[in-house]
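Biologist: I would like to go through this structure and ask where its labels come from.
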Amino acid sequence: MTIQDSLNLYRVIDPEVWTKLVGRVQGANFAAIYGHTKAMGYRNITLPEGHT
């Protein structure tokens, strides 16, 4: 289970704790929403041919 999965679990199971967490931890809501997207580097990013 990744940190994004854990954040999503809090959001669903205990909305009261989630509200407190979002108020205290900067970026928690962003990570929960975009955790499995390219915005967080979730996918493998490859360079074009000829670049290192």
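The questions below set the values for this structure against the definitions.

Modeller: This is a predicted model, in which local features need pLDDT of at least 70, side-chain atom pairs count only at pLDDT 80 or more, and totals for chains, interfaces and linings use all residues. Residues are numbered from 1 along each chain as its sequence is written, and side-chain values use heavy atoms, with hydrogens and water left out.

Biologist: Why is H1 called oblique to H2?

Modeller: The axes of helix H1 (residues 3–13) and helix H2 (residues 15–24) cross at roughly 125°. Angles under 35 degrees count as roughly parallel, over 145 as roughly antiparallel, 65 to 115 as roughly perpendicular and the rest as oblique, so H1 is oblique to H2.

Biologist: Why does lysine 20 count as exposed?

Modeller: Exposed means over 50% relative accessible area, buried under 20%, and partly exposed in between (1.4 Å probe, protein chains only). Lysine 20 has 54%, so it is exposed. Glutamate 16, at 55% relative accessibility, therefore counts as exposed.

Biologist: What separates lysine 20 and glutamate 16 in helix H2?

Modeller: About one helical turn, because they are four residues apart in helix H2.

Terms used: Axes are lines fitted to C-alpha atoms, for helices over the stretch in contact, and angles run from 0 to 180 degrees between N-to-C directions. Helices (H or I, at least four residues) and strands (E, at least two) are DSSP runs, numbered from the N terminus.
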